[in-house]
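Here's a friendly walk through the charged pairs of a protein model. Have a look at the chain first, then read on.

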Amino acid sequence: MAQSLAKNLFKGGSNYPGKMALKMDKDILKKVAANYNVILVTGTNGKTTTTSMIYNVLKANGFDVITNSTGANMYPGIVSSFVEHYKFSGNKNRYAVIEVDEANVKFITEHITPQIITITNLFRDQLDRYGEVYTTLSKIMEGIVKVPETTLLLNGDESLLAKLDVPNKKVYYGFEKSPMTDTKIDINADAKFCKFCKSPYEYNFITYNHLGDFYCPNCGFKRENLTYKVTDIVDLNPDGSVVKLNGSQFTITQSGLYNIYNALCAYSIAKEFNISDEVIEKSFTSQSSSFGRQEVIKIGNKELKIILVKNPAGYNQALETLCLNSNAFSAAFMLNDNYADGRDVSWIWDVKFEKLANMNINEVFISGMRLYDMAVRLKIAGLDPSKFIMESEYEKLVENFKKSSQDKIYVLATYTAMINFRKYLHSKGYIEKLW
């Protein structure tokens, strides 16, 4: 009842049923999740897409599986997901793939012992909430230490996740081969120094930011052995990629290196459950983007591709995707500074917008609460101000989209900008499903 009211009355309200349930019984999560094999997905970037990919692979293999598809990854929202799918006649063979906010892992593992916890990566994000990457890792580890029986499936290219001092079984995934040839880490990258001796890392290759085949020339600390790996990249284009994972070829329908990481994580989980390559490939090729993660929306004859951007590492990867285009396109940049975005927007100066200066971009749409900050950043980056179309009102922004000289428009939006813009599009019938 509460779930139905929340969806219809509050236009989503995915946390509300969980809050009500917790008021009635603070230990309710342990009860409603008792019959599930739980997979928790956490980390800075890629949680929602990775969760969706894992869920779809398990479902394609015939598993009875649930997920928190609305993206409500705080404690009450996760409780809501289990309450919504609760069955009085328990089924011991049910699975739950749950996205969880990094700071909320400790609340979940207080009541659940997951079969697997996977960590995607650790980047600076919402600095006023998390601080530096070491704080984020510490918050996750507060939850992991409560469940020593849980298997940890970790991004091996993330130096912060190597040699974790916990008794859990650890399985690593990463790139054996990278399309990038750079071995010098960028000055603005995260986690540049050895976690043991504080010397600068060196790299055999870097995929992006501080991820890659790292090693410390001083103390010998290096990347762990990879169980699951990208063994080749056959194709990388604006719409997706073709890769080889442990020697088998797969098609990924979302573009960018970061989505190869997401797919590799999902592949690794699938292999932990002995799922065949055929099922994985079929699931990957039918994987649709949604909820602002390279989600495609039609407005008249225009195609909007909405890409969530929330920190320098993710934003730079989104720009790399734009740079894969050989044809002209238009782009929109939406910047908010609400709590969920992070109040401090100075992080946009760590984003390499200069990459776009020589791209064939016909119109540059700028919107959001901090549109003037974004306009200054783009002007300094070398984009032509005569192409700037600045509009804070969604109705006028959409009308400008309709008048665009290009049929494809990339919309790069921070979290609440993406949420609010999607709500507007839903109210106008451009989006059928809000969550």
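Which residue forms a salt bridge with Lys-271? Asp-277 does, with the closest N and O atoms 2.7 Å apart. A salt bridge here is a side-chain nitrogen of Lys or Arg within 4 Å of a carboxyl oxygen of Asp or Glu, and the count by this rule comes to 24. In general, side chains of opposite charge can pair when their charged atoms come close.

Keep in mind that this is a predicted model, where local features need pLDDT of at least 70, side-chain atom pairs count only at pLDDT 80 or more, and totals for chains, interfaces and linings use all residues. Residues are numbered from 1 along each chain as its sequence is written, and side-chain values use heavy atoms, leaving out hydrogens and water.

The protein chain averages a pLDDT (the predictor's confidence in each residue, from 0 to 100) of 92, and 94% of the residues score at least 70. Over residues 1–12, though, the pLDDT is below 50.

| Salt bridge | Closest N to O |
|---|---|
| Glu-110 and Lys-146 | 2.8 Å |
| Lys-271 and Asp-277 | 2.7 Å |

Glu-110 and Lys-146 link distant parts of the chain, 36 residues apart. Lys-146 is partly exposed because its relative accessibility is 37%, given that buried means under 20% relative accessible area, exposed over 50%, and partly exposed in between (1.4 Å probe, protein chains only). Lys-271 is partly exposed too, at 22%, and Asp-277 also has 22%.

Note on methods
Contact = heavy atoms within 4.5 Å. Helix = DSSP H or I, 4+ residues; strand = E, 2+ residues; numbered from the N terminus.
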